Structures are given as structure tokens and as C-alpha cells.
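Student: Could you take me through one part of this model at close range, and then show me how other parts of it are held together? I would like one connected account.

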Amino acid sequence: MLKKRRKRNICFTFAHIIRLMGTQIRILFFIMTQAVLLCLVSCGEGMDAQQREIDSLNVLASQAKYRSLEEATGYVDEVLGKYADSPYRDGLHEAMLNRGDIYGMQMEYDSAQVCYRQVLETSNNDLLCGVADVDMMSVCLMLSMSKEFYDYRSDAQERLANVEEEKEDMTEHQQALWSAVQTDYHMVSMNYFIKMRQDDGVLEESEWLEQHQDLFATDSVRQSIYLFLTSIYNVADKKMVDAGDEMQRNLIRLLSMSRQNGNVYYEILALNGLAKSIMSGGELKPSRWIFIEELIGEFGFAPLELKLANRALRLAKLYGNDFVQTTVLVTLSDYYLKAGEDSLAFVQMEDALELINQHHQKMARTAKRAQEADHDVLYAYTNTNDTISTEMRWIVNPQVVAVPEWMAMVREQLSVVYGARGLKAESDYNHNVYFDILDATRQDLRVLQEEDNLKQEEHTLNLLLWVFGIAIVVLVWLLFLYNKRSREEYRKKVRMLSKVIEVCKHLSSALSDDIEDEEDLTEALHKISDADVERLFPQVKGKDWTKVDYQTMKGLDKELFHVLLVFYEWMRQKGLQYIHFSEEEQRLESETYVFEKRLEENKRQYIEKLTSMSIVNGITPFLDRALHEINKLKTDKNATPETIRERFQYLSELIDKINEYNDVLGHWVKIRQGMVTLNIENFALKPLFEMLRHGSKSFDIKGVSLAVEDTEAVVKADKSLTLFMMNTLLDNARKYTPAGGKVNLYATETETYVEVSVADTGHGMSAEDVDTLNNSKVYDSSKIGTDGANASDIKQNKGFGFGLMNCKGIIGKYKKTNAVFNVCEFGVESEVGKGSRFFFRLPKGVMKLMVCLGLLMQCMVMKAEVHLPSAEVYADSIFNANVNGDYEQAIIYADSAIQCFNRYYLEQVPKGKCLMTLEGAEMAEIEWWKSGMDTDYELIIGIRNEVAIAALSLNRNSLYHYNSEVFTRLYKLTSTDPTLEGYCNNIKMTNRNKKTTAILLGVLLFVVLATYFFLHYRNTQLFIFNLRQFIQLNNNVFTATEQTLPDVLHQNLSDIKTADTVGMMVPPKDSSDQFWSHFTGVVAERNVYESMMQSAYRQQKEVVSSNGRFRAYPMFVPGSEDKVLGVLGVHFIDGKLQDEESLIINLVAQFMSIHSYFSYHKVDEMSELLELKQDERMRIDNEQQKVYVRNQIMDNCLSTLKHETMYYPNRIKQIVDVALADPHAPVNEEIINDIDELLSYYKEVFAILSTCAGKQVEKVLFKRVQLSAQDIGEMAKRSFKKQQKKMQGKTSIKVADEKGLMIQGDKIFIQTLLDNIISLYFEHQSGGDLLLNFDVSDGFAKFAFTDTAFRYDEEDIPQLFYIDNVKYDAKSDTLSGAQYMICRQIVREHDAYSARRGCRIYVENNDDGQGSSFIFTLPVS
Amino acid sequence: MDPFKVIIVEDVALEMKGTVEIFRSEIPEAEIVGTAMNETELWRLMRDSQPDMVLLDLGLGGSTTAGVDVCKQLRRRYPDVHVLIFTGEIMNEKLWVDALDAGTDGIILKSGELLTKGDVQSVLNGKRMVFNQPILEKILQRFRQSVINESMRQEAFLDYDIDEYDERFLRHLALGYTKDMIAGLKGMPFGVKSIEKRQNDLTNRLFGEDHEPVNATRLATKAIELRILDIDNLEPDDE
């Protein structure tokens, strides 16, 4: 019992599923039925007539089958014969059912079943199938096949339930059929239950029929049946008060109705029933008696029951239903038995038996079992020993269609008849047979069938359980396999990915400083990656992997390889950028080097100028002493002639000395003049003007406005000096213009020169001053402008006043250089109260290059207006070139066309960065299309196509792929149909429906397998999809700026995993700064995120919030594990990350670090470096220019000094000599006054010029650095080697070991010092070696250069470092001994700018009598 | 004037001649015990004779400033000998200071009157800081300038109504003190808030009512510019 219930539960569950699916199937069938109906309707009007014809014939047939089987057969034959090809299959099926009914009436049940089954198998009309099922039910009823009856009954039930749902759409005929079949179903069922005596069932069916009488109200046949059944039932129902009477009434009604309608069959049944009723003692009311007699039209004295039975027998014989005939025979036999006519009764039964035999033989013959039929004959009695009767054999034999009820009825009657005749054995025989038959068709069939069903179910269930079991085992096994495989796959993917990232990291490390050009770069990238890539992707072995098309790969390889390719290209681009950077860096460095060298040279010259200044300074004391002597001569009235003479003598000696020094100075200036040359070049004034305009702040502060007028003038001059002059003039103007005034800087051009003017609205100058300025070479600037009303104001502002003099000097120098500079002029225009204008003229310069550039730019501007039409022209040219086979030319044209498009693009989007290229990675036009830019895409498509064709012909693969890819993409983009998606969705929906249906059809295992495969596929696809996103991200990120980066990231990350916000955090560059961060969108919990990101930065590992939504990923400097660049923060909407999502996002973070590092940090670093280098270059340039200008000015001063003061000492000398020549010394006051005047004036001029020159020295040029003795030794060695080459000597230098000795000094000066010492050594040509020894004493480092062979004349030694030692050699036009002076000057500089005084420089002969030493001391650091 | 012994150190022969002549004709009391043209000669003379005074030129031998070092050594080794610098370095003020630091009794520039009897007399009388006219002029010029600056400072105090606390506040501000630190100074009766108010008040006084935002640095700089603060004596309060 328990077992059964469990089974039932399982069964229920299963049935539930089936039912759920069933609904789907029904829907499907419904759709199909609709379609069939639609088809039927659409078959046109012509069909209707035929259909109606068939329908009416069918109706006729079904009506006739109870009246006359021949007539009914006629109708059926007409349908099946005449309309056999009709598309109205339902009609044919209906006819087939009618034929089956006819066979059934003729008791040819096997043929009937064939007909019904045919309908069941071929028709998909539920209604007709239902009819067939009901028909089968009645056959089964007849054949006592209860199990089959129930099977067909449940089928019919289901079919009818289906039909019930769709009855709205039925035709009239179908509705009639529907009503009929419902009635039939219940009637057959009722009949069955009556026969099986199942009162509950009968009652149920009877009630149903009673409630649904309207269904067959107009159908006489069914009315008749209803009556008949009710009459039978009522007899059975003991509760009825007058059952017999009621039955009789019903039978009479049946009789009259069937007579009216000609339903012979039911008439027979009615007659027979009435006869039996009367025989069974049912009293017949006299009115009925007469009514019946009138009905049957047989009057007479014979008993009514005999009349009724005989009439029934007659009709039955005519109608041809043996069963009914037999029934009537049995009734007759009964009658005769009652009447005591046993033999007649027996005769009736023999007839009945004969009917059965005849029927059996007929059946056997049709089944071609004739022989058997001959032997298989039923006998009323056979005395055989057979245990099994013929009937039972028939019943058991499935090949024989036996009607047990029929035989049972006959045998029962026979046993009665034999019994009546007293033939016991015969009676028993028949009785036994009768029981056997009953037993075979037992009544407890419901239970039987139930058990059978259960068995069937159990079998199915067992089967299902087996299938389930196997499926589960298979599934578990598959899942196990899948898990194992997917885990392996996953591990493999992760391994591959991390290897790819590894390669990327390697690639990023390829960018070293050694790379100089593109070739190096490519080589380095390949060298570092080739082996790894080949290991990862064996298919690229032996090829240049960067040229392999990733599209040719499959699955994961394809995507990963794509990642590599994209990264490689990006890295290459970065590399090129760095190469560019380092080229720029090198350029800057080399420029800086040039400036450094210039600075060095300028400083060397500077030290020479300083030396010559020291000569000037050396003159001053002599002048002062001379003045002192004159003073004494003037004031000392008591002087003896002797004293006066001595004084004159001394004066004479002083003047001689001055002359001597002047001479040296003159030669010095002259000889060195060549060294200080002007740097003449053509240059535009504009940049200088711009620079000066920037300096307007100092004017603002004073309240003076500075106006710098634009100029396009180009001059030929020395740039630095020109700037110096303009600066000087502007400074002056600023100084002497009161607040509220204006200063104007402008340039005017003439044919030959450019005049630069600085005009102010200051106080102006008197004509005298202007004259002095314009015409005197030397003047006391402190007196200029001091005679006006604003004298005190001017005095307050007065500088040292050498500016104008210097400007004049520079102009003078130009003039001396070359005839080109004859136009040079310096001048002043001024009037008191009206301001002044200072100006200078420079020759006009030419900028050939500038002009060309200008023209070129104009051309470009003109072209830009017509680029799209010209692109079209190019496109035509490309096409023609391709047609003519000139593919190279086509590509050239294409390049031009692309340039046209780019220009158009730039016009539309100024500063746009998406530019079309002939070949590459980016597809600008795709971006254009996406951004909605308007351009001629058709044309681009055409051009790309043509280029692809040309590339194909030239076998240039990458060019082809790029262009065809662009072509395809753009073509698809431009031809996208917006309705396509809807269509696709429909298709998808349909497909999904189909798939659902397929699943619903019950292949559960398939579902499981499909799910399994789907899962697997999804995993792979998701991974690949994410990878694609990742690649997309890379592409996007590569074009993003630091500001837009988080947005780009957000967008792309969201495709992988939806995120609220993406943020980047960059650590402070120095401790005083703060963390910088940027988030996309509005961020509510920014502080929380930031603190998490900071902790990720400090901990150097991923930080995840407690709900898993916010994640902060540190971004490491590529190639290092402990340097964090910044932090990437993401807030996901869903905090649960799948493994592969987590992996991909981690990879994103890693890539972001590489990307940020190379895109921003490295670039920042390099830009910063470049900026520093640029600044350094500027600084050096400025410095060297300043020194240069200073040298120039000092040179000017000295040169002027030489020229202007040459006269005076000589003149004084003449006077003194004359005075001295007179032995009586008639020295009078006049002479003394003359000399005094000359000397005073001389002193004044000398003072002005020397102060002017001296001013230039005041600004410190000394650059104090720490130098080791060893450095100095190395410097000396280098200098030695350099000069040795010139001298071609065989001597050597030896530097003593000295470690740890550090001095402070100016490197360039020290180098100059060493150069001079070594040049002296080579000058001496002693043949001895040069030794350098170090010593330290009292805070000074002593450097002793010992010439091992040369010895100085002891007398010369004290004078070596004096001007007196400098001698001009006219022959070689050189100054001997100048080196000592320079050396002395350098040591003096060190003395002045180190913290302490006391540096020495001297020469001494060695005590051992061997050679001499040149010694200097420098302060120890 | 009593007779005295002098050593003349001069590296230029012609100048030596002139100097000797000056002594001979104008300071006959001087006995020139020797002349030296380089250090070696000087030290020999110093060893051999006991001069009262050394007239020292700064340029010696190759070096132009060796005299400073020599002076220092003379001071150390012969503290009783007067050292008078006689130099042609008429522009090099720094060198003068170095010479004074080295312990010279005076500096006479080879300009104008050159060496006078009076100057020599002063040195011999033990007077320090003996200078001749040109160098005195220079000193006076510098002195004048500093006095002018001082008076400008007073003017500024009056003009801008600067009191003792203002000055202290500004001075410490210029020295980089924070307001907290200033408030914590000894004898500073203000809290930080008052100090801030005072700063605003000061800013308004120094920059006028309509001024751009001014920070502490600019305020301190302005104070220096207006001579309210003496940049040469910028020292914190004694604590």
C-alpha cells in the first residue's frame, strides 16, 4: 500500500510536469489548429460547396445507419469514392467513421476498428478523434474489452475536454457533431455501466444526459437510444415504483418514434423489448395493446408477444444485424419454452447458433482462415473431451474477433432449452460454456483496469526512474568533468592572462634611456618579448608576431593576442614619444653645452679684462702721486730748486711709468680685441620687444606706462648687445620719467636701416646736454640734466650714468667692424619739458626662411577651404590609378585624400586629435561617425575600398587589413537598419519559443545537457566578453587625458560590472601637498572612499569595504612591488564579484598603473626634466650673454680709455722734459699750472672710464664650488695634454697623490690659471718634466708646479707678477709675461671671494738647485 | 715729534721712491730702518731691527692683498709695532674692512694728500682708526646714509603711528614668528585675536584703506621698505 502511494506521488509530480508542458503543447496545437483552420478558410469559397455536400452526405449516412445499412453504405461510398481526393479531410474522416459504424452494425468489428484507428492515426481533429474514441468504446463494449474501453474512454475524455475549450470556433456541422459525440460518449458509457451493472456510473451518466437533453432534443435517433437506455435502466432500478409500466411506456414511445423515423434497428429493439416485457409478466394496459397493434399493423388472435417477436425477427433478418436477430431468437425461444413447445424453442436456438457460425465463417473467410473456419463450428452439444470450448478458444485467440456476449446469450438459452427438454449433459455443457464466457468477461473490470493502469504506470515510472537515475549519474559525472575541466580551463586562462600581463610588463621595461631611434626601439621591444610570446603562442613561431593578424587565431588566444598587439603598439608609440623626448633632451643638452663653452670662453675673456683693469688700477697710484707732487710744487713755497728739480724728476719718472703702463694696456687691448668679437646675426626685433614688454612691471610700480609697439623689423646686429642697449635706454627712461608719464619703444624702418627709439615724456634735457651726449665720447654723466628745474629729482635717481656711454661705445664698435654697419648711429633728441627720444640705428637684416614659411602658410590656408572637393578629385584619381594598375600611385593619392579629410576635420574640430591615417591602429573616421561629425563618409568608404584593392595587389597585408577593416566597419555603420534589432529580437523570440517547445516536448536530459553546455559557453563567452571590454578599455584609455580617465574607466568598467563611481587618487608630489583625487559623478561618501584609498596606498594592497562594494586597488609602478603611483577606487552596485570579474578588474588596475605611469608620470617626469633642462639652458645662455655684454663694455671702456688718454701723459711729459732740460730750473707757476690742469683733466677722464669699466666688475661672476686637489690634478693633466700636442714635446706631467684635500674656487678660473701656468712651462722649453705637488698650511692649499729643469733668473723673480714684467714684442705682436698677470688676477679673485684674505702666488727656484716652482695657494674648503 | 723707526713695505719701486721722499721731506723725524718689497724682506727686517711703525702696502709679491695677512701676523708677533696700511686700493671697501679686522692702526689711501705728518704722528701717539681724507669721505658718506635711514625710520614711526608693540610685532613677523609665538613673547600683553586685529589695523595703515589682500610677508617687507624695521638689526627680543 505504502509503495503504491509513493509511486503515486512520484506519478503525480511527473504528471504535474507533463501537465505544465501539456499546456504549452496545447498552445502549440492551438496555433497549429488555427493555422489549419486558416488554411481551410483560405482554400476558398469553391471548397465550401463540396464541404457542405460531404457534410450532408455524412449526416445522411449517420442517420441511415439505423434504418438501412445498405442505404448508409451508399452514402459513405459516395463520400469515400467521389470525394476521395478532397482536401476536406475531416469530411472524409467522418465518412470513414460512418463506415466503421456500418461495419459495427454488421458485426464486422475488426473492420470497424480498422476504420476508427485510421481516423485516430491520421486525423488531428480532436473532435473527430473523439468521435472515433467513442466509437471504439462501443466496439469494445460489444467485444467486452473493458480495459480497452477504459483506455478509449480516457482518451475520449481528454479529447472532448480539448474540444470543449475551442468550441467557440466551430462550424454548424461541427457543433452538431460535437453535440452528438458528447451524447454518444455518455450514452455508450451508460450502456457500458448498465451492462456492467455499475449503478453509480449509470446514475452519473443518466443524470448528465437528463441535464443535457437539449443536446439531442432534435435528434430522434439519440432520443430513441436515450429512451431505450432509460427503459433498461429503469427496470434495473429497484427504487422505481412502477418500473415495468415505465419501461413499457418508454418502449412504446421508442417503437412509435422508430417507426416514424424508419429506424429499423431501434424498432427491432423496441419490439423485442416489449415482447420480453409482456412475456416477463408485465401487464399491458389494453389501451397500449391496441396502440401497439395499430403501430405494427398486425391484428389477429395470436398472442401479442409472439406477434411482436416475429415482427422483430422479420425486421432483424432484413436489417442484417445478427446480434439483434439472435436476441429476438432468444426471445422467441423463451416464448416457445413458456408455451411448452420445447422443440420450437430449440430450433430457434439452433438458428441462433447457425447465425454465429455463419458470422464466424464469414469473418474467417475475410481473414483468409477458411480452413480453420470449416472446422471451427459451434455445436449445440459435442461430446468431446476438450476442456476448452470452441467459444473460449475464439475468445482467447486474438486473431478471432469473437462477441462473447452473443455466444454467452445463445449458450445460456441453449442450456435453458436443453434443461427444459431434460437433457442434462447437453444443458450442463452449454451452461459451462456460458460460465466460461462470463468468467472471461468478468465484471470487476474497473479494478482490473486500474491494476493494469498501475502496472503500466509502474513500468513507466520504473523506466523514468531509471532514466532519471542514469541522467543524474551522467549529470553528476558530467558536472564533475565540467568542474574539473572548467577549473583547469580557468586556471589555464588565468595563467595565460597573467603571462600576457607579464609580457606587457616586460614590454614596458624595454623603454630604457639607451634607445635612440625607432629601430632600436623595435629591436628592444622584440628582444624582450619574442621568446615569451612564442612560448605563449606557438603558432607565431618564426614570424614577426607584431605583424600577425589576431583575427586568424581562435578563442582565448585571439583575444589575448589582441591585448598584446594593442599594448605593443601603444608601448611603441610611447617609446617613440620618449625618443622624441630624449632627442629634445639631447638637443637641449648640446645647446646647453654650447652655451657653457661660450660662458667658459667669456669668463676667460672676462678674467683678461679684469687683468687689464688691474693695469688701469695700477696706473691710478702713479697719477695720484703725480698730482701729489704737483700739489707740493704749488703749495711748497719754500722749496729749494734742488727739491723742485727732484720733484720734477720724480714727476717725469711717474709719467714715464704711466706711459709705460698705458703702452702695455694699449697693446693688451689691441691684441685681445680680436678675441672679443661681435656675434653678428640677422634677427627679428619682435621677440626682443616681447621680452621687454614683459618687463613692464617695473614701469607699473613707478606709475609710468610702457608702450611697446609691434614691429616686424629684422636687423643685422649682435642680439645680446641690442637687447642690452634697449634695456639701458628703457631703464634710463624709466628713471627720468616722473609718475604718470609714458615711455614708448618702437622701431621704424628705412631702406637701409632700422631705427629703434625709446621716447619718454620726462623732463627733457637742455640743448647743451644733448650736444654733450651726441658728440662727446667721454663725459661726466653725473652732470647731465642737473641744470634744469628738476635737478634734485634727477640727482636722486641718478645711477652711475655709464649706460648711454656704453651704448655709444657699442655703436662705435659696430662701425669699426664692417662697412655694413656704417649706417649705425646713436643719438638723442630732447627738449626741456618735452621729453626725450633716444635712438640707435642698425642695418636691416633679411629673414629668407621667414618669408618662405609665411608663403607656405598662406598656401595652406587657401587649400583648407577646398579640401572636401579636392578629396573627391583624389578619390577619382585613386580609382583611375587602380583601374590602370598603378597601385603605388593610388596609395599616394589616397594619402592626399586622407589629408584633405583631416584638414576638413580640424576645421570642424579645432585641436581635434582623431586624425585619419593610411594605416595604423586607430580608426579616426569611425570615431568621427560615432561623434556625429558631418563629412563625406561615402567617399571615405570608397577610398578605403580602393586602397584595400591596391594594397591587395601590392601584397601589403597590414595596409590591406587596416583599410578593409575600416571599410567594413564604416560600411556597416552607415548601412545599419534601425528596425533590424526588432527583427532579430523577433527571430530570437521565435527561436526561444522553439527551444522552449523543444524542451517542453519532454527531453529532460537534453535540458540538463543544454544547461550544462550553456553554462560552459557562458563562462567562456563572459570571459572573452570581459576581455574585449578590457581591450576596449585599453584603447579608450590610451586616448584619455588624466582628467577624463576616470570617466573612460567608469564607462568601460560598467560594461564588465556596473559601478556607481570610479575614482583615481594620486599621492602628493611633496610633503606639503595633499592627495589629489577625482571621482566620476556625484559621490556622497567621498571622504570614506578617500580614506580607504589612502589606506590602500599606505598598505600597498587592495582594500575592500565591508559590504564589498567599494574596492580600492593600488597601482604599482611597473616593475616594482613597493612603489605605488596612485589608487584606483571603484564602487560597484553589487558587491559580489565573480572570479573572472575580479580578475579582469584587477588586471584593469594593473594596466592602469602601467598606463598611468607611462602616460602621465613618465611624461610628467620627462616634461619636468625637459623643463629643467630648458631652464638650465636659458640660465647658461643668459649668464654667458651677460658676461659677453660685460666683456664688450669693458672692452669698450678700455679701448676708449686708451684712445682718449693717450694724449695727456705725453703732453705732460713734454712739459716736464722741457722744464727739466733747463739746468737752472726756471720753474715757474705757469708750467706747474699747465701740468696741474692737464693732470687733473687726465685724472678725471681716467676716473670716469675706469669707474665705468670697474662697474662691470662689481657684479660677482665668481662661482664658488668645491674642488678636490685630485680634480685640479686631472684638470692640469688635461691641459697639459692639450698644450703638449701643440708643442709636440716629449715631456710629461706628474701629479702627486692627494686624497681628501678640498678647496673652494671657480672651476673655469682655476682651469684658466692652470692653462696659463702650463703654457708658461711650455714656453720655457726647459726639457724638464712638470710636477704638481700639494701642501696644506694655515687654511690654504698650496699647489706647486715644478719645472724640473727650468730656473728663473733670481733678479726677475720679484718682478714676475708686475706690469713691468709685461713686455710688448713687436716682432711677434705678443705680450710676454701677461700670463703671470692673469694668474695673479685669478688668485686675487679667489682671495676676494673666499672667506679669507691671504692667497699667494709666487715663483721660486728650488733650493736643491734643480728647476723652479710656480706656486699658488687657494683657501681650503 | 720724537724720532721713530719705520719700515716701509712697498712692492712697486717707483712708489717706494715717492714714499721714501715723503718721509724724507715731510717727516724728517722718521728713521727709515729698512724698506721691503716682499714678505721675506719684511720678516728679515723685523727680525734685525725694532721699528716703531711699519708702513704696509697691501700688494706684495704676486699677491695683491697679502698685506692683510701680513698685518695680522705683525699684530700677533709684534703687538707693540704700529701698522699703518698705505694702499692704492681706492675702490675696494671690503679690503679696508679686512685690513681693520687684521688689526691695523689706520688706512691711508694713495690718493689726494697721500701720507701726511699728522697721520703718522697720530698713529705713533697710539691713535687707532687713522684715515686720510678720501677714506674719511667714504666713511662719512656711509655714516650719513645710515643716519638718514635712522631718521627715516623715526619719520615712519610718526607717519604711520607705530608704537612699541607694532614694531615688535612687525619685527618678529619679519623673523618668521607665528602669531602664537608673538603672542607668547615676554611682555606682549595681547592674545592671538588681538594680534590679528592689530595686523589688520597695521596693514590698513601701511597700505592705505583700499588695498589688495596683504599677507604677513608683504606686511613685513613693507615695514622694511618704510624703514620701520631696520634690516641690519633684525633681531628677536631678548628673552
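Tutor: Happy to. Let's begin where helix α23 (residues 555-635) of chain A meets helix α46 (residues 1378-1393) of chain A: their axes come within 9 Å and cross at roughly 100°. Please keep in mind throughout that this is a predicted model. Two packed helices are described by the angle between their axes and by the distance between those axes. Angles of 65 to 115 degrees count as roughly perpendicular, and α23(A) and α46(A) are therefore roughly perpendicular to each other.

Which residues make the crossing? On the α23(A) side they are A:Ile607, A:Glu608, A:Leu610, A:Thr611, A:Ser614 and A:Ile615. These meet A:Met1381, A:Ile1382, A:Arg1384, A:Gln1385, A:Ile1386 and A:Glu1389 of α46(A).

A:Glu600 is partly exposed, at a relative accessible area of 22%.

Side chains of opposite charge can pair when their charged atoms come close. Over all chains, a search of the whole structure finds 73 salt bridges. One of the pairs in chain A joins A:Asp126 to A:Arg159, with 4.0 Å between the closest N and O atoms. This pair links distant parts of the chain, as A:Asp126 belongs to helix α6 (residues 126-143) and A:Arg159 to helix α7 (residues 146-165), 33 residues apart. A:Asp126 counts as partly exposed at 22% relative accessibility, and A:Arg159 is partly exposed with a relative accessible area of 22%.

Now step back to chain A as a whole. It contains 46 helices and 21 strands, and 49% of its 1421 residues count as buried. Take its contacts between residues at least 6 apart in sequence: 69% of them join residues at least 24 apart. The chain exposes about 71400 Å², with carbon and sulfur atoms supplying 53% of that area. For a spot on the surface, look at A:Trp466, A:Ile470 and A:Val474, which form a nonpolar patch with about 330 Å² of accessible area together. A:Trp466 sits in helix α21 (residues 445-509) of chain A and is exposed, with a relative accessible area of 62%.

Chain B has a salt bridge worth a visit too: B:Glu15 pairs with B:Lys110, and their closest N and O atoms are 3.0 Å apart. B:Glu15 lies in helix α1 (residues 13-26) and B:Lys110 in the loop between β5 (106-109) and α5 (117-124), so the pair ties together parts of chain B that are 95 residues apart in sequence. Both B:Glu15 and B:Lys110 are buried. Elsewhere in chain B, a network of salt bridges links B:Arg153, B:Glu164, B:Glu167, B:Arg168, B:Arg171 and B:Asp237.

Just after α5(B), B:Gly126 takes a positive phi of about 90°.

Technical notes: Residues are numbered from 1 along each chain as its sequence is written. Chains are lettered from A and ligands numbered from 1 in the order in which they are written. This is a predicted model: local features need pLDDT of at least 70, side-chain atom pairs count only at pLDDT 80 or more; totals for chains, interfaces and linings use all residues. Side-chain values use heavy atoms; hydrogens and water are left out. Patches are made of residues with over 30% relative accessible area and no salt bridge: like charges are joined within 9 Å, nonpolar side chains (Val, Leu, Ile, Met, Phe, Trp, Tyr) within 5 Å. Accessible areas come from the Shrake-Rupley method with a 1.4 Å probe; for residues, only the protein chains shown count as cover. A salt bridge is a side-chain nitrogen of Lys or Arg within 4 Å of a carboxyl oxygen of Asp or Glu. Helices (H or I, at least four residues) and strands (E, at least two) are DSSP runs, numbered from the N terminus. Buried means under 20% relative accessible area, exposed over 50%, partly exposed in between (1.4 Å probe, protein chains only). Axes are lines fitted to C-alpha atoms, for helices over the stretch in contact, and angles run from 0 to 180 degrees between N-to-C directions. Angles under 35 degrees count as roughly parallel, over 145 as roughly antiparallel, 65 to 115 as roughly perpendicular and the rest as oblique. Contact means heavy atoms within 4.5 Å.
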